[in-house]
Amino acid sequence: MKKTLSIIALSIIGFGLVSCKKENTEAQAADAVATDSTAATATATPADSAVAPVSADATAAAPVSNQPSTSIALSESNFDFGNIKKGDKVEHVYEVTNTGTNPLVISEVKPGCGCTAPDFTKDPILPGKKGKITLHFDSSNFDGNVSKFADVYANVEKAPIKLTFTANIQP
């Protein structure tokens, strides 16, 4: 039992070190306390205990929309900045069109790392209308070829939608 709890605790700590955001680490620490207390009182198998924190994270990572589903068309899903100088701050606008019959609601845009910051149309995008998702990239900490992404959560069937970009960072 102690060995199982130790493995769970080490797994939680490992997830915390890999996490990109501080609030995710705090949420995982709260999950660890809840998992440890339930493992001590319940008769769960080690496999069941190890799965609990992972499924909690998966649920938190995918925001659920209460809006009726619609469909979307992107002007592009990948963009190449080409050669840029180290330290340059660049941005690209991805145009989205609501091709469905219900308003398109973009609930969240989650970049893959802290070097990328999103802006997006917050108001519902009516059928046939267009909105924008802008990704801002800071190349200060990179050299050579880089590839980055952001996940777009919206009231579409196959969410999240992955937007990507590449750049070749020159000294």
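Me: In strand 7, which residue is the bridge partner of Pro111?
Reply: The model is a predicted one. Strand 4 covers residues 106-111 and is joined to strand 7 by five bridges. These two strands run antiparallel. Within strand 7, the bridge partner of Pro111 is Ala150.

Me: How many bridges join strand 7 to strand 8?
Reply: Strand 7 and strand 8 form a hairpin, with six residues between them. Strand 8 spans residues 161-170 and runs antiparallel to strand 7. Ser147 is placed opposite Thr166 of strand 8. The number of bridges joining strand 7 to strand 8 is nine.

Me: In what order do the elements of the protein chain run from the N terminus on?
Reply: The protein chain has three helices and eight strands. Read from the N terminus on, the order of these elements is α-α-α-β-β-β-β-β-β-β-β.

Me: Which are the edge strands of the open sheet of four strands?
Reply: The open sheet has the strand order 1-3-6-5, and its pairing is antiparallel. An edge strand here pairs on one side only. That holds for strand 1 (72-74) and strand 5.

Me: What is the average twist from one strand to the next in that open sheet of four strands?
Reply: The strands in question follow the order 1-3-6-5. From one strand to the next, the twist averages 25 degrees.

Me: Which residue in strand 6 is the bridge partner of Val96?
Reply: Strand 3 (residues 89-98) pairs with strand 6 in the antiparallel sense, over nine bridges. Tyr94 stands opposite Ile133 of strand 6. For Val96, the bridge partner in strand 6 is Gly131.

Me: Is Thr116 buried or exposed?
Reply: Thr116 lies in strand 5. Leaving aside neighbours within four places in sequence, its contacts are Pro111, Leu135, His136, Phe137, Lys148 and Phe165. The relative accessible area of Thr116 is 3%, and the cut-off for a buried residue is under 20%. Thr116 is therefore buried.

Me: What distance separates the C-alpha atoms of Phe120 and Lys132?
Reply: Phe120 has its place in strand 5 and is buried, with a relative accessible area of 17%. Beyond its neighbours within four places in sequence, Phe120 is in contact with residues including Ile106, Val109, Lys132 and Ile133. Phe120 and Lys132 are 12 residues apart along the chain, and their C-alpha atoms are separated by 5.6 Å.

Me: Which two residues form the disulfide?
Reply: A disulfide is a covalent bond between the sulfur atoms of two cysteines. A search of the whole structure finds one. Its sulfur atoms are 2.4 Å apart, and they belong to Cys113 and Cys115.

Me: Are Cys113 and Cys115 buried or exposed?
Reply: The relative accessibility of Cys113 is 18%, which counts as buried. For Cys115 the value is 14%. Both values lie under the 20% cut-off, so Cys113 and Cys115 are buried.

Me: Where is Ser139 found?
Reply: Strand 6 covers residues 130-138, and strand 7 covers 144-154. Ser139 is found in the loop between strand 6 and strand 7.

Me: What percentage of the residues of the protein chain count as buried?
Reply: The protein chain exposes about 10,200 Å², and carbon and sulfur atoms supply 57% of that area. The chain has 171 residues, and the part of them that counts as buried is 29%.

Key:
Residues are numbered from 1 along each chain as its sequence is written. This is a predicted model: local features need pLDDT of at least 70, side-chain atom pairs count only at pLDDT 80 or more; totals for chains, interfaces and linings use all residues. Side-chain values use heavy atoms; hydrogens and water are left out. Buried means under 20% relative accessible area, exposed over 50%, partly exposed in between (1.4 Å probe, protein chains only). Contact means heavy atoms within 4.5 Å. A disulfide is a pair of cysteine sulfur atoms within 2.5 Å. Two strands pair if DSSP finds at least two bridges between them. Accessible areas come from the Shrake-Rupley method with a 1.4 Å probe; for residues, only the protein chains shown count as cover. Axes are lines fitted to C-alpha atoms, for helices over the stretch in contact, and angles run from 0 to 180 degrees between N-to-C directions.
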